[in-house]
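Here is a short report on a protein chain.

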Amino acid sequence: MTAIAQVDNLTTRTNQNNSTVLQPTQNQFMELFIAQLRAQDPTAPLDTNQMLSQLSQISSVESLTSIDTRIDGLTSALEQSQLLGAVQLVGHEIEVATNKMSIQSESAIKGKVTLPINSDDILLRVYNSNGSIISSKSLGAKSSGTHSFELDALAAGNYTITATGISGNEAYAGDVSLLAKVTNVEAGINGANVKLGELGSYPLGLVSRVGGKNFN
């Protein structure tokens, strides 16, 4: 009975200290189990159900640890594959589904805006990190669908572009995307990132369209 209590204490310390104290393995537990059976007092036999329950718990922990190790390996392989695939985008222009920019040095902006309705006018606004409008541009009357735009160069900083379609007395928000050439690919926390020159880096998952060396 004392041995069972010791195993319980060891398991508890493992949960508290994580990797500081190692849990007993299946083999170690079986050796302890057999030793106790041999040395048990015939008048006070061991509770084999409790011992078997402990063994089952250890087996479950080992199985979960094995699964975690395999998942980590698959995740690492997937990230490496994604990074290698993204390298092929270098030198190509892509469309990124975002209206946010982290400009590193002065750079002109190209992008697209998509609206579901015909508009008497489409108004683009650029906000800085403080939420202040620093520039705006009218695209004029446009039919529903996707339209290209270009903005004057912006200084280094963080910006957000919004697009509003005006139809009569109604205003509609448009979807904005950026167009730029991929200059580099880097590993990010959640996978590969594509670097768009001075416009900053974006997760590969935001890429909505890939063109050739130049596309509109």
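Helices (H or I, at least four residues) and strands (E, at least two) are DSSP runs, numbered from the N terminus. Glu150 lies in strand E6. This is a predicted model: local features need pLDDT of at least 70, side-chain atom pairs count only at pLDDT 80 or more, and totals for chains, interfaces and linings use all residues. Residues are numbered from 1 along each chain as its sequence is written, and side-chain values use heavy atoms, leaving out hydrogens and water.

**Charged pair**

The structure holds one salt bridge (a side-chain nitrogen of Lys or Arg within 4 Å of a carboxyl oxygen of Asp or Glu). Glu93 and Lys110 form this bridge through their side chains, at 3.7 Å, N to O. Glu93 sits in strand E1 and Lys110 in strand E3, 17 residues apart.

| Residue | Relative accessible area | Class |
|---|---|---|
| Glu93 | 8% | buried |
| Lys110 | 26% | partly exposed |
| Glu150 | 51% | exposed |

**Around Glu150**

Contact means heavy atoms within 4.5 Å. Not counting residues up to four places away in sequence, Glu150 touches Ile109, Lys110 and Lys137.

**Core**

A nonpolar core is a set of buried Ala, Val, Leu, Ile, Met, Phe, Trp, Tyr and Cys residues joined through side-chain atoms within 4.5 Å. The largest has 30 residues; Met101, Ile109, Ile161, Val194 and Leu196 have the most contacts inside it. Elements giving two or more residues to this core include strands E1 (93-96), E3 (107-115) and E6 (145-154).

Terms used: Buried means under 20% relative accessible area, exposed over 50%, partly exposed in between (1.4 Å probe, protein chains only).
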